Amino acid sequence: MILGIDASNIRGGGGVTHLRELLRHAHPEKHGFDEVIVWGGRRTLDQLEARAWMQKKHEPLLDGNLIFRTYWQYFYLKRRISDSSVDVVFFPGGLIRPSSGPFVSMSQNLLPFEPEEMARYPLGLSRLRLNLLRRQQLNAFRKSRGVIFLSNYARDRALGYMEAPSFRTAVIPHGIDQKFFSAPKIQREVSVGSGEVFNLLYVSFVGEYKHQWNLVRAVRTLRGRGYPLHLTLVGAWNDSGAIQKLQAALDEDPDYSRYITILKDVEYNHVQEVYRQSDLFLFLSSCETFGQILTEAMANGLPVLCSKMSSLPEIGSSAVDYINPLSERDVAEKLERTLLDRNRRQELSQLAYSRASQYDWSATATATFEFFRDAIGK
C-alpha cells in the first residue's frame with residue numbers, strides 16, 4: 001500500500017513538529033505500507049528526515065501564500081493521488097479540498113468548536129474566520145474514512161456539532177521529544193523576604209485565551225507580599241487584542257522589567273534551555289486541543305500549576321495542580337500555597353516527570369499507522 005500525506009497546510013510550529021516526529025518514529029512496513037509520499041513546500045520538506053520508504057515531493061505552489069496552496073489542492077492534488085496510485089491520503093492540517101480517494105484527517109484546532117472561547121474575540125474578521133474554519137473542518141470530517149483527535153475532550157466538542165457521524169475516530173495524543181526530559185527539579189524552601197530568586201515560567205503565544213495578564217498581576221501581588229519571584233514569558237506577540245491586555249497589566253508597574261523577562265522569539269530547538277532554568281511552570285490557557293507545551297514542561301520535571309479548563313485536566317491528570325485562569329485572585333492564592341509547600345512542589349515534580357513519560361512518539365506513530373490501515377479496511 002501507498003500512503004500520501006498532504007502537507008500543503010503544514011507550515012511551521014506544532015504542525016511541522018507532529019509530522020516530523022510521526023515520520024521519524026514510524027515503521028510503515030509493519031502496517032502494510034511500502035511507501036509514503038509527502039507533498040509539501042520546500043520549508044516543510046526540509047524539516048523531514050530522509051527515510052528509504054519516503055518520497056518528499058516538492059510542489060513549488062506550496063511555497064506560496066494561502067491562495068497558491070488552495071489552488072494546488074483544488075487543481076493538482078487529485079492528479080498527484082492518481083499518478084502515484086495512492087491507497088489513502090492523510091490530511092494532518094485538517095482541511096480537505098475537492099479530490100478523490102480514501103482520506104484520513106486530523107483535528108488540531110479546538111478553538112472553532114469552543115463558542116465560549118470564540119466570544120473572546122470581537123465581532124469581525126477574526127470571528128468570521130473561526131466560524132468558516134469550523135465549517136471547513138466539519139466538511140473535512142464528513143469526507144474522511146477516519147478522523148484523528150488529540151484528546152477525548154477535543155473529540156467530544158467537535159462531534160457535538162454533528163449528528164451520527166459515519167467515520168471512524170481515534171484519540172491519539174502527541175508524544176514528547178526526548179530532549180525535553182530532565183530529572184525532577186529539586187525543590188527548595190521559599191519564604192517571604194528570602195533572598196534567592198524563585199523563577200516562574202509561562203510558555204505560549206500571547207492570545208485571547210492565554211490570559212498572561214492575570215499571571216502578571218498575580219506575580220505582582222505576591223512580590224508585594226515579599227516573595228522573591230521572577231517571571232519569564234516566552235512566546236510570540238501576534239494577537240492585537242491580547243497584546244493590549246498584557247501590555248496594560250505590565251504598565252501598571254513602570255519597573256516591571258526588574259522581575260519580568262519577555263522573550264518573544266525563542267527557537268523551538270532552544271526552548272528546553274529556558275525550561276531547565278526555571279523552578280515552576282504555569283499554564284493559563286482556557287482552550288487547548290492537547291497541550292503540547294504542558295507535556296514538555298512536565299517532561300522537564302517542573303512542578304506545574306495549570307488551567308483547569310478545556311482538555312488540560314485530561315492531559316495533566318493528577319500530576320499537576322489546577323487553577324482558574326480567569327481569576328487573578330485564584331492564580332495568586334494557588335501560587336502562594338504552592339510556594340510555601342516545598343514537599344508538594346517536590347511531589348508535583350516527580351508526578352509530572354512520570355506522567356510525561358506516557359507520551360511517546362513511537363506509540364503515537366504506531367497507533368497512527370494502524371489507524372491508516374484500519375480506515376481503508378486492509
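Biologist: In this predicted model, how do you know that strand 6 and strand 7 pair?

Modeller: Strand 6 (residues 146-149) and strand 7 share 4 bridges in the parallel sense. Pairing requires at least two bridges, so the two strands count as paired. One of the bridges joins glycine 146 to arginine 168 in strand 7.

Biologist: What sheet do the 7 strands form, and in which order?

Modeller: The sheet is open, with parallel pairing and the strand order 3-2-1-4-5-6-7.

Biologist: What makes strand 3 and strand 7 edge strands?

Modeller: Strand 3 (54-58) and strand 7 (168-171) each pair on one side only. From one strand to the next, the twist averages 20°.

Biologist: Turning to helix 15, how does its reach compare with the expected span?

Modeller: Helix 15 comprises 15 residues, 361-375, and extends 21 Å from its first C-alpha to its last. That is close to the 21 Å expected at 1.5 Å a residue.

Biologist: Which residues of helix 15 are buried, and why are they placed on the same side?

Modeller: The buried residues are Trp361, Thr364, Ala365, Thr368, Phe369, Phe371, Phe372 and Ala375. They lie on the same side of helix 15 because they cover an arc of only 150° around the axis.

Biologist: How do you know that aspartate 360 caps the N-terminal end of helix 15?

Modeller: A side-chain oxygen of aspartate 360 lies 3.1 Å from the backbone nitrogen of serine 362. The limit for a polar contact is 3.5 Å, so this pair qualifies.

Conventions:
Residues numbered from 1 in each chain as written. Predicted model: local features only at pLDDT ≥ 70, side-chain atom pairs only at ≥ 80, totals over all residues. Heavy atoms only, no water. Expected span 1.5 Å × (residues − 1). Buried < 20%, exposed > 50% of the residue type's maximum accessible area, 1.4 Å probe, protein only. Arc of directions from axis to C-beta. Polar contact = N/O pair within 3.5 Å; in protein donor to acceptor, adjacent residues only side chain to side chain. Axes fitted to C-alpha atoms, helices over the stretch in contact; angles between N-to-C directions.
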